[in-house]
Amino acid sequence: MRHYDYIIAGSGLAGLYTAYLAAAYGKVALLTKCGITESNSYFAQGGIAAVTDEDDAPALHFEDTIIAGRGLCDYPSVNILVNEGPQRIQDLINAGMHFDMEDGSLALGLEGGHHKKRILHAGGDATGRMVTSFMIGKVINNSNIDIFENHSVIGLLKNEKRCYGVRSWNLTTEKEELFLGTNTFLTLGGTSAIYKRTTNPHTTIGDGLALAYNTGCEIADMEFIQFHPSAIYTQSEEAFLISEAVRGEGAHLINQNGERFMPAIHELAELAPRDIVAQSIYRQMQKFHQNFVWLSLKHLNPELVKHRFPNIYEKCKELGIDMCNRIPVAPAAHYTVGGVRTDINGQTNIGHLFVCGELASSGIMGANRLASNSLIECLVFGKRAVETARKNVKDTTIPDFQPIYYANENRAESYIQLKKEISTIMTEHAGIIRNEELLYQGLCKLETLAEQLPQENNEYYNLISRNLILVAELIIRSALYRKESRGGHYREDFPQNDDAYLYHIVQQKGKEIQKIPVNNKLK
């Protein structure tokens, strides 16, 4: 049993940044399921959205975020993001982070939903890797931070309405380990790898959502799964992301007849918000009975393409694709828009428990995340969470917690099979375009899978199997409840927006679904 001032679960940008900041105030344990580089943040290509140009303004970034969020953004949270974002970028630069420059100024890109160039990038199309690697360097060299790789968090230590730390499964020794702490941070990312075709690491299956739900946290807006419009299509199920920034540089989406189809659908054409582009591509695929459309770059300068997107160019080359000509692309599950409900300081409804990054639902994203707002959210709300947590008083008395979990290795293979079955169910029944019949069928299949699981209390594989089913059910139940189409949730049986649904759908263990009004007022 280990004791710390701060326990941080997850090693994406939110986890690394909060660990780095918290280390100034106490001893930190950073737990990660795999290696420290295995996160969505690490693989993020596009960049970080923040106002750094004199021709731009936080008010314009605010407006673009609100528009993309389709009426479900909470204004105070968005206001904090766009106004505090520039300072967090400056903090990184002051700490030694190098963003790409152009003519002595920060090089800025344009992405979907943005009306101004405000996307900072590093290493061309390797922003996530560059920023995350920079933060890893800060973390591993800090004597106040202990890093525990191959430690999967499987439970929260809770007494009354207060969190005291985490239950962790050591994947090397296959034993449970307890970490006690004054403050606990969940930064475990989203759940897009619960789908068959995804841009996420295979580990991104909603662990944090299940943990938080089982502990009594509020889970909001789970119907909104963002499908990235442009991931390379191959015969395998693996999807490699083609950054929004490629379309920002002028690439065109072309159907099987060689026609651009986005200009007739939205004023921003290929740079329309992601939900619109993904749905439009999906319809073209259905229309022509094909598994992809083309992303054409043949009209662009090949040298510019190679210089701006070196990693994507090499990946395409590896797959036998000429990026300077055209790339076969199709949507893939990319980002969990909803998550664990928090306030503007990352605090959940459980005392001393904070959630940051993609796992959090702080009101910023609404029904559809604006491109490149995810990494800046990690910085802005990670900082606010640490500043709030450091005011918490260290406990003098801690309840008695003991390890309770064990592993039955005979269950390992059945868990892998279950994961495959659930990815098929989610893709077929709760994908880009949904309807009531499909959703109910998917829910029934999940319930059948749950009934077939062995009744083996406190067994590791049984626990993570039930968690996987739980997360899938949270998505489908929320999608059934929202009988309209909005943002990343499209119901073909209810294809229009309905203002009667301008609220957050919140699920909490042991309670009926709640409807929480959107906060669309600034003080």
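In which helix do Asp 91 and Arg 88 lie, and how many residues apart are they?

Author: This is a predicted model, in which local features need pLDDT of at least 70 and side-chain atom pairs count only at pLDDT 80 or more, while totals for chains, interfaces and linings use all residues. Residues are numbered from 1 along each chain as its sequence is written, and side-chain values use heavy atoms, with hydrogens and water left out.

Asp 91 and Arg 88 both lie in helix H4, and because they are three residues apart there, about one helical turn separates them. Helices (H or I, at least four residues) and strands (E, at least two) are DSSP runs, numbered from the N terminus. The two side chains meet in a salt bridge of 2.8 Å, N to O; the term denotes a side-chain nitrogen of Lys or Arg within 4 Å of a carboxyl oxygen of Asp or Glu. In general, side chains of opposite charge can pair when their charged atoms come close. Burial is judged by relative accessible area: buried means under 20%, exposed over 50%, and partly exposed in between, with a 1.4 Å probe and protein chains only. Asp 91 has a relative accessible area of 26% and is therefore partly exposed, whereas Arg 88, at 9%, counts as buried.

Ser 478 belongs to helix H14 (residues 460-481) and counts as buried because its relative accessibility is 0%. Apart from neighbours within four places in sequence, Ser 478 is in contact (heavy atoms within 4.5 Å) with Asp 221, Met 222, Glu 223, Ile 505 and Gln 507.

The structure holds 26 salt bridges. One of them joins Arg 70 to Asp 275, with the closest N and O atoms 3.0 Å apart. Arg 70 lies in the loop between helix H3 (58-68) and helix H4 (75-95), and Asp 275 in helix H8 (residues 274-288), so this pair ties together parts that are 205 residues apart in sequence. Arg 70 counts as buried at 17% relative accessibility, and Asp 275 is buried as well, with a relative accessible area of 7%.

Glu 84 and Arg 384 meet through their side chains in a salt bridge of 2.5 Å, N to O. Since Glu 84 lies in helix H4 and Arg 384 in helix H11 (residues 373-389), the pair ties together parts that are 300 residues apart in sequence. Glu 84 counts as partly exposed at 23% relative accessibility, but Arg 384 is buried at 18%.

A search of the whole structure finds 13 aromatic pairs. Rings of Phe, Tyr and Trp (its six-membered ring) pair if their centres lie within 6.5 Å; planes under 30 degrees apart count as stacked, over 60 as edge-to-face and the rest as tilted. Tyr 4 and Phe 148 form an edge-to-face pair, 6.3 Å centre to centre with 85° between the planes. This pair links distant parts of the chain, 144 residues apart: Tyr 4 is in strand S1 (residues 2-9) and Phe 148 in strand S8 (residues 145-148). Phe 148 also pairs edge-to-face with Phe 179, at 4.9 Å centre to centre and 75° between the planes. Here too distant parts are linked, since Phe 179 is in strand S11 (residues 175-186), 31 residues from Phe 148 in strand S8. Tyr 4 and Phe 148 are both buried, as is Phe 179, and Tyr 4, Phe 148 and Phe 179 form one aromatic cluster.

A charge may also sit over a ring, which requires NZ of Lys or CZ of Arg within 6 Å of the ring centre and within 35 degrees of the ring normal. The charged end of Arg 162 lies over the ring of Tyr 164, 4.1 Å from its centre, and that of Arg 326 lies over the ring of Trp 294, 3.7 Å from its centre.
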